[in-house]
Protein chains: 2
Amino acid sequence: MTVSTGMPHPVHHTPGGVPTHWYNVVADLAGYVPQERRPAQRAGSHALRPQLPLSIYRQSVSNEPFIDIPAEVRAEYERWRPTPLVRAHRLERMLRTPARIYYKYEGASPSGSHKLNSAIAQAYYYKKAGVRELVTGTGAGQWGTALAMACTAYDMACTVFMVRCSYDQKPQRRLLMELNGARVIPSPSVTTKAGTSIVADDPECAGSLSVASSEAHEYANEGDGVRYSAGSGDNHVLLHQTVIGQEALAQLEALGDYPDTVVAALGAGSNFAGLTMPFYRDSVTTGRRARLVAVEPKSCPKLTRGVYTWDHHDALGNTPMSKMYTLGHRFIPSPIHAGGLRYHGAAPVISWMYHEGLVDAVAYGQRAVFEAGAAFARAEQVIPAPESAHAIRHVIDRAERARETNTPETILFNLSGHGLMDLGSYEKWMQGLLEEDSVADAEVERALASLSRPAGE
Amino acid sequence: MTVSTGMPHPVHHTPGGVPTHWYNVVADLAGYVPQERRPAQRAGSHALRPQLPLSIYRQSVSNEPFIDIPAEVRAEYERWRPTPLVRAHRLERMLRTPARIYYKYEGASPSGSHKLNSAIAQAYYYKKAGVRELVTGTGAGQWGTALAMACTAYDMACTVFMVRCSYDQKPQRRLLMELNGARVIPSPSVTTKAGTSIVADDPECAGSLSVASSEAHEYANEGDGVRYSAGSGDNHVLLHQTVIGQEALAQLEALGDYPDTVVAALGAGSNFAGLTMPFYRDSVTTGRRARLVAVEPKSCPKLTRGVYTWDHHDALGNTPMSKMYTLGHRFIPSPIHAGGLRYHGAAPVISWMYHEGLVDAVAYGQRAVFEAGAAFARAEQVIPAPESAHAIRHVIDRAERARETNTPETILFNLSGHGLMDLGSYEKWMQGLLEEDSVADAEVERALASLSRPAGE
């Protein structure tokens with residue numbers, strides 16, 4: 001099923017410990033063919049022009065296992081990388097578990113999450129390609145914040161369509177983007193035709209990443225020198241995030257340890273792929289094998305309850321289709337507090353790996369997730385972003401099982417961001433006001449039924 | 001005026017770069033005699049029992065220049081220390097200045113500010129002395145957060161009297177303390193006699209650090225196994241913070257640089273002393289001399305407009321008196337957004353040094369301060385706490401002067417905390433809604449006139 005692409009390629013690190021290459025898992029997935037199908041031009045729909053500069057496009061279709069990180073991007077990374085790898089001794093003691101728990105702390109970045117790894121790289125390439133403004137959609141605001149910072153660094157304008165329920169839940173996130181020079185528009189908005197049509201259908205629409213993405217694509221399509229920048233899902237974004245896992249591998253090696261299980265939350269997949277794919281590479285080249293577990297919210301369970309089929313990346317169906325696990329591009333998840341996970345589909349490459357049994361998935365409700373996040377905060381004095389708290393929920397469950405069965409296990413997870421902008425959500429949880437989130441079977445059925453089938457399927 | 005206490009004492013660092021000793025500036029200040037006068041017992045006032053365990057008391061009156069950091073405390077420090085020393089290249093470019101600007105980033109600590117350096121040390125000593133609960137007052141919440149985290153680490157209870165205007169301005173700060181297990185009470189409260197008497201005088205009282213301190217002292221005095229823990233001002237707190245400056249000195253040396261000017265905001269003095277005192281030591285032992293500048297808010301200008309006299313540390317005058325620069329212990333500053341600087345007096349040792357001309361001081365209004373903080377955030381992608389933004393205001397002024405006069409200058413400042421809990425204040429500034437703060441001469445006169453003179457003065 002999977003083959004090595006040859007000799008193990010030693011990943012080099014700078015003396016400071018920052019990787020010199022990104023790792024492209026596609027090179028190690030025999031049988032996976034990245035492809036997309038362009039949508040039929042429908043009345044009133046937009047034919048999107050290509051958004052990627054050639055430099056990024058080449059990365060997104062590359063079959064090379066390792067791709068050079070430009071020196072300029074590495075210099076930016078060195079402002080905050082390598083991020084700490086921390087043994088969660090206190091959490092272990094609190095759980096009285098024989099498990100060894102490590103976390104990779106991406107919240108140490110200037111933007112407060114892993115998202116800056118790709119934002120900096122993309123801004124660098126777009127700037128070189130002569131682009132003057134980047135536009136995107138953001139859920140919790142982690143990606144929007146990162147892109148705003150990256151655009152400031154490369155002297156580009158930045159516009160962010162922010163999912164309306166997050167815009168309302170997290171006014172401080174908006175401010176952080178504005179302080180970094182970005183224009184922030186709540187989505188669905190009446191700024192775009194896409195948003196206007198969605199508001200017409202549902203004036204109370206909470207928004208979703210797929211809707212924000214439709215709006216941002218339309219905005220990019222109509223502006224001069226404006227391009228859409230993706231925060232997750234696409235191959236090149238997954239690629240840029242692999243600095244996380246490469247560092248973690250080296251840091252664990254320095255400690256003489258190796259994980260049995262590697263855990264990360266999954267929105268579209270960049271956080272998950274960033275940590276886990278270098279461990280996949282390691283399994284291909286050395287035979288050591290870690291279990292790779294994606295954690296998703298019960299209210300947006302694309303891997304655990306979606307289907308593997310062709311679908312669009314945006315709510316209006318204007319973007320090309322990819323084969324992926326999806327709940328249907330019209331699926332609008334309940335307004336849970338982990339806004340970064342409210343996306344209907346999983347990255348095509350992660351979807352393929354899940355389909356092939358190379359990665360596992362599990363889903364949790366948000367009350368259980370916040371309980372885990374608060375326990376972690378008490379033990380380790382770091383407030384996790386609600387997205388990251390999904391991973392923590394699973395880690396704690398495994399650690400408790402390890403205690404009950406008295407089986408040691410080494411667990412590594414991605415603490416992808418801090419939750420200092422999410423204290424309002426924690427307060428709701430503390431007060432017992434947090435709604436439980438799930439989604440009825442009928443609703444999933446309905447969403448999946450609405451999937452348009454492309455010609456030839 | 002000042003003499004060396006002998007041979008330069010090389011400060012050792014652990015292999016990881018964390019100092020092994022705290023530096024006690026008192027040892028290098030010939031002529032300074034730490035002393036206090038106990039207040040006459042007045043009707044209805046409290047005779048406070050000693051709050052310090054012997055271990056801390058010894059530190060607070062020590063004449064040794066270097067005091068061992070216990071291995072347990074160093075192990076805690078190593079969780080986040082050494083903190084980064086960063087060259088602010090982008091700020092320099094933005095200002096087109098020939099000045100070289102460095103900042104020591106204490107916001108990288110788990111609590112988000114320098115305060116954890118002393119909180120961890122104090123919790124360690126109090127725990128060893130059998131104390132089961134610590135109580136304190138906090139302004140912006142930086143100290144309260146740090147103490148809450150430290151108490152969790154040492155399994156002690158924690159109660160925080162939080163200045164009411166900060167409690168209202170920063171609900172997220174309160175939450176952060178609560179998530180870390182602390183009980184948070186807005187001050188003035190009706191929980192204590194001190195608070196009740198102040199509320200009776202002024203039901204709208206915004207509170208101040210001095211009022212919160214009165215309440216916390218009373219609470220400590222009446223509880224069993226409860227002690228008051230000070231976040232600034234006292235010698236031992238200044239001492240614990242000197243890890244900052246010792247690290248900065250070593251980090252700059254590694255870069256082959258040395259500051260002409262070292263800048264830090266001053267509330268009571270621990271942030272200022274933490275960065276600058278090791279440079280003072282360096283001037284005594286090597287003759288290199290950096291200008292040490294304390295920056296205070298115009299609305300609480302104890303150094304630049306206060307008097308050098310005997311005064312209490314708390315609003316009700318129950319604590320012993322020290323000789324210090326003060327605006328009078330009954331002075332209640334306007335509710336500015338840098339809550340950590342709203343304290344009527346300066347640390348006795350810093351006051352003495354200011355009086356002797358060994359440190360400089362300057363004051364700014366909060367609009368100018370937020371403007372500087374926002375400019376820094378845009379340039380460097382770190383939102384400074386409003387307290388730290390005071391230092392930045394002065395740094396930018398110096399850097400602009402360096403440009404105008406074409407005189408290179410090396411400036412180091414303490415970025416004592418991040419401002420992610422203060423985005424609401426930045427929003428007010430962005431919207432032009434931030435009140436200018438200052439204090440009328442008559443108000444200072446009135447506050448100073450109310451200073452009670454101790455017997456024998």
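Predicted model: local features only at pLDDT ≥ 70, side-chain atom pairs only at ≥ 80, totals over all residues.
Chain A can be laid on chain B with an RMSD of 0.0 Å.

The interface draws 29 residues from chain A and 29 residues from chain B. Of the interface residues of chain A, 100% are also interface residues in chain B, so the copies meet through the same surface. Accessible area lost when parts come together is often used to give the size of an interface. Here chain A and chain B bury about 2,800 Å² between them. Carbon and sulfur atoms account for 60% of that area.

Side chains of opposite charge can pair when their charged atoms come close. Over all chains, the structure holds 42 salt bridges. Four salt bridges are found across the interface of chain A and chain B. B:Glu76 pairs with A:Arg90 in a salt bridge, with the closest N and O atoms 2.5 Å apart. Within chain A, A:Lys170 forms a salt bridge with A:Asp422. Their closest N and O atoms are 2.1 Å apart. A:Lys170 lies in the loop between α6 (164-169) and α7 (171-179) of chain A, and A:Asp422 in the loop between β14 (410-415) and α17 of chain A, so the pair ties together parts that are 252 residues apart in sequence.

Helix α17 (residues 423-430) of chain A also packs against helix α15 (residues 366-380) of chain A. The angle is about 105°, and the axes are 10 Å apart. Helix α15(A) is therefore roughly perpendicular to α17(A). From α15(A), the contact uses A:Arg367, A:Phe370, A:Glu371, A:Gly373 and A:Ala374. From α17(A) come A:Ser425, A:Tyr426 and A:Trp429. By class, this contact of α15(A) with α17(A) has four nonpolar, two polar and two charged residues.

Most residues other than glycine have a negative phi, and most peptide bonds are trans. Chain A has exceptions to both. A:Gln381, in the loop between α15 and α16 (386-405) of chain A, has a positive phi near 60°. A cis peptide bond joins A:Arg81 and A:Pro82, with omega about -5°. A:Pro82 sits in the loop between α2 (71-77) and β3 (85-87) of chain A. The peptide bond from A:Ser187 to A:Pro188 is also cis, with omega near 5°. A:Pro188 belongs to the loop between β7 (183-187) and α8 (193-201) of chain A.

Notes:
Residues numbered from 1 in each chain as written. Chains lettered and ligands numbered in written order. Heavy atoms only, no water. Axes fitted to C-alpha atoms, helices over the stretch in contact; angles between N-to-C directions. Helix = DSSP H or I, 4+ residues; strand = E, 2+ residues; numbered from the N terminus. Parallel < 35°, antiparallel > 145°, perpendicular 65-115°, else oblique. Contact = heavy atoms within 4.5 Å. Nonpolar A, V, L, I, M, F, W, Y, C, P; charged D, E, K, R; others polar. Least-squares fit on C-alpha atoms with pLDDT ≥ 70 in both. Buried area = accessible area lost by both parts, 1.4 Å probe. Salt bridge = Lys/Arg side-chain N within 4 Å of Asp/Glu carboxyl O.
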